[in-house]
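Here is a friendly walk through a two-chain model, written to be read with the structure open beside you.

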Amino acid sequence: MAKIISQNQTSLPKVLQELWNQRELFYFLVWRDIALRYKQTIVGVVWVVLQPVAMTIVFTFLFGNIAKIPTGSIPYPLFVYPGLMFWNFFTRAVSASSESIVANRNLIEKVYFPRLVLPLAATIVNLVDFLVSFLVFTLLLVYFQFSPNLMGFLFLPLALVVLLIFTAGLGAFLASLNVFYRDIRFIIPFALQILLFLTPIVYPANLVGNKYTFFLKFNPLAAIIESAREAFFGSTFSYWPGFGLAALVSLVFFGLGIGVFLKSEKYFADIV
Amino acid sequence: MKPVIEVAHLSKKYQVFSRKKRVLLREELERFFRSGIFSTPQGRENQLFWALDDISFSVGAGETVGVIGPNGSGKSTLLKILAGITPPTSGQVTLQGKITSLLEAGAGFHFELTGRENIYFCGAILGMPRREISRQFAEIVDFSGIENFLDTPVKFYSSGMYVRLAFSVTAHLRSDILLIDEALAVGDEAFQKKCLLKMRQIIREGRTILFVSHNLAAISDLCQRCLSTKRFSLEFTLIGRNDDYEPNWREHLESTITYNRALFTGSNIDFRVALVEWNPPAKKPKLAETLVAKFPFLRAIVVAPEIHRELCRSREFKIMLNFSLNAAIRTSQADFILISGADIFLGRDTVNYLKNYGLKRKCLYRAERVSIRRKADFSRARPEQIENPPEIVGIDVCDLPPYNQPPYTNACGDFLLLDTDSCKILRGFDENITDARLHLDSRFALSAAASGFDSKLIGHIFHIDHKHSLVNMGDKYPGKKYDFTKNIPYANSEEWGLRGRKWEKISQQLDFVS
């Protein structure tokens, strides 16, 4: 089979084929990230647990005890934790995947492999953390002796898939943009901080005035977190339209992000 | 056989200041708002740098080819394009089979990972399946000689250990095409030897290898041939006549020039023509002027009739052919000179050799001359017609017998290709020869050999037959023995190639010597 290299070389079927052929590289990248992350640390994997727990404690103190944000019958730590689970996944994945191309410039400049594996692996690897923090969530439920809806556990994977699609698209987009404009790495932490408060994580969405709920609708994170919380703790689950819209927005982000990435990836080696 | 690597008109340009220019989003926005759609493309064009400029070549299965050229001539860019790391600006590459690039040993290594982990990760990055790595693991470790440090992070390795491991991983890759960029000669002397042995083994396995290196010794040791990423110029040097030696001489000359030049379109070779018009008759318009106007790639030297007369009147008859060719050789600016004739059609095998194989310096390239039947119209001849066997009336085999053995003169005329510097070192053809029976081309080839230059037969040329082309002059004068070993290499005086004469520049393309 002949391989042809010319100026316009990327086509989606070809990229998918290549990704499939190099799926082992994908496993290796995920494995490398995990292997590297806690090398030369004292407590190692405990960091995965420590971070969401510490954040939950701080937020509970600030927003539960001091600001006294109403969360109904649900204890504030339980209210805030699922949101933080999703949020941590999102921020880590976006930060890591947006840096993935620049951080691996030595590979990009010297070896050919489908570039898309880098941001995708940087996103997917955070599922491990998500899983661990989910286990902590079940421990919290036991600690507070709170029994949530079974619906929550069924809905969680679905919410996670939508979040994964949204994050992967955004991550790929930012990764390629970061190659060309290093401004991105300054914008991201700052944007994420703002987004944390624009997303109903530490407060319920119904606290937001009607005037502004419209904007929440187009924030997939808001919909994912709100619907997951409703699935776990709500008396009924009526969030399908909002969640559907979030899924749609996520798919659009995914398409655009991957599209921009594939369009620009051929210049990576020259510019990075 | 189908080539494994086929490169056609490959070019790559870089914007020299693009990195500085585009780092800040703010600047980009500023530029956009200031200039908007009226941004001048010309201003940006000026900053372009062609790392590769229209190169074409092909590599067959199992060949080991060296890529040579000075720093910045695009060698690494070529390999990067072949590896798929960076796209070409134009042109196309067709590859048959799996390709692996060894652009830098240890490119996939991570300092925090252990040797063992890096072997697996690096293998995966280079496209080696895990099973394959496991199968070769012992061999890789054994080759690198780092068994004891396998579970130590690579950052604690000495630099020697590091490159040894890196080379071992990449050298054990399975692929049909291997691209190697300066990856040899790592580690200490013993390990370098081991690397070269491994390379030889890979070559024996029949894989196709493209090998970039500054280490010319390694290249000539391992590679069957070399190719250059740089364009070079080749000057087709011939003598023009303006008398009635031949009917329609000018048209005839034009058609061979057009024909031969067309054979080089789309190659790395800048094909030019140098024409010396000797003794132009006053009543006819000068041949050179017509041709210069028609062909922008042609330069001409017109030698005044006075010089002709002077040489003819001298006590010993001097061969004007030598003087005229030397005038073109001495003034040539091209990289290579091809001394040929107006009735020569270059064979496609010869042209393919010139296109695909790097021409070495200090090597005289020759071609076998095939005489073809004279036909009325050569102006639109195609290679298939020229090289059609029924048209062939005879072959000059220039390789046999050797030049310096009887009958001495049976050389292949009209094709002598040598780099310009070497031509100038030889000072062209011997201007002191007074005996026309000596085959001039044989004499030139002999001097080149006596100066220690190599010689290589690279293909065929097709020569329009005229009556005496196959006359063996050695047989014609059986009693006479020429001592070719005498006065070789000959030395023309400092005045060779009409240096002492009055040179007048008529135009950019035309010189007049009187």
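Among contacts in chain B between residues at least 6 apart in sequence, 81% link residues that are at least 24 apart. Please keep in mind that this is a predicted model. Chain B holds 18 helices and 19 strands, and of its 514 residues 43% are buried.

**A parallel sheet in chain B**

Strand E3 (residues 64-68) of chain B pairs with E8(B) through four bridges in the parallel sense.

**Other strand pairs**

Further along chain B, strand E17 (residues 454-464) takes part in two pairings, one with E13(B) and one with E14(B). The table sets these beside a pairing that joins the two chains.

| Strand pair | Bridges | Direction |
|---|---|---|
| E1(A) and E4(B) (residues 90-96) | four bridges | antiparallel |
| E13(B) (residues 344-346) and E17(B) (residues 454-464) | three bridges | antiparallel |
| E14(B) (residues 363-372) and E17(B) | nine bridges | parallel |

Ile4(A) stands opposite Thr94(B) in E4(B). For the two pairings of E17(B), Leu346(B) is opposite Ile461(B), and Ser371(B) is opposite His463(B).

**Where the chains meet**

How many residues does each chain bring to the contact? Chain A contributes 30 residues and chain B contributes 38 residues. On the side of chain A that touches chain B, strand E1 (2-5), helix H2 (23-37), helix H5 (105-110) and helix H13 (268-271) of chain A each supply at least two residues. H2(A) gives the largest share of that side, six residues. Sorted by class, the side of chain A that touches chain B consists of 15 nonpolar, five polar and 10 charged residues.

**A 25-residue helix in chain A**

Helix H12 (residues 240-264) of chain A has 25 residues and spans 36 Å from its first C-alpha to its last, close to the 36 Å expected at 1.5 Å a residue. Its buried residues include Phe243(A), Phe253(A), Phe254(A) and Phe261(A), along with Gly242(A) and Gly257(A). Among the elements that cover the buried residues of H12(A) are helix H8 (150-180), helix H10 (210-217) and helix H11 (220-233) of chain A.

The largest nonpolar core has 131 residues, and the members that touch the most others are Ala121(A), Ile224(A), Leu179(B), Leu210(B) and Phe211(B). H8(A) gives the most to this core, with 15 residues. Leaving aside residues up to four places away in sequence, Leu210(B) touches Ile5(B), Val59(B), Val65(B), Val67(B), Leu79(B), Leu82(B) and Leu179(B). A second, separate core of 67 residues includes Trp278(B), Phe336(B), Leu346(B) and Ile372(B).

Glu277(B) sits in strand E10 (residues 269-278) of chain B. Is this residue buried or exposed? Glu277(B) counts as buried because it has 21 C-beta neighbours inside 10 Å. Its C-alpha atom is 9.5 Å from that of Phe512(B), a residue 235 residues apart from Glu277(B) along the chain.

The other two residues stand out by their backbone angles. Most residues other than glycine have a negative phi. Gln145(A), which is not a glycine, has a positive phi of about 50°, and it lies in the loop between helix H7 (126-144) and H8 of chain A. Arg427(B), also a residue other than glycine, has a positive phi near 55°, and it is found in the loop between helix H16 (420-426) and helix H17 (440-450) of chain B.

Which of the two classes, buried or exposed, does each belong to? Gln145(A) counts as exposed because it has 7 C-beta neighbours inside 10 Å. Arg427(B) has 21 C-beta neighbours inside 10 Å and therefore counts as buried.

Conventions
Residues are numbered from 1 along each chain as its sequence is written. Chains are lettered from A and ligands numbered from 1 in the order in which they are written. This is a predicted model: local features need pLDDT of at least 70, side-chain atom pairs count only at pLDDT 80 or more; totals for chains, interfaces and linings use all residues. Two strands pair if DSSP finds at least two bridges between them. Two residues are in contact if their C-beta atoms, placed from the backbone, lie within 7 Å. Ala, Val, Leu, Ile, Met, Phe, Trp, Tyr, Cys and Pro count as nonpolar, Asp, Glu, Lys and Arg as charged, and the others, Gly among them, as polar. The expected span of a helix is 1.5 Å times one less than its number of residues. A residue is buried if 20 or more other C-beta atoms lie within 10 Å of its own, exposed if 12 or fewer, and partly exposed in between; C-beta atoms are placed from the backbone. A nonpolar core is a set of buried Ala, Val, Leu, Ile, Met, Phe, Trp, Tyr and Cys residues joined through C-beta atoms within 7 Å.
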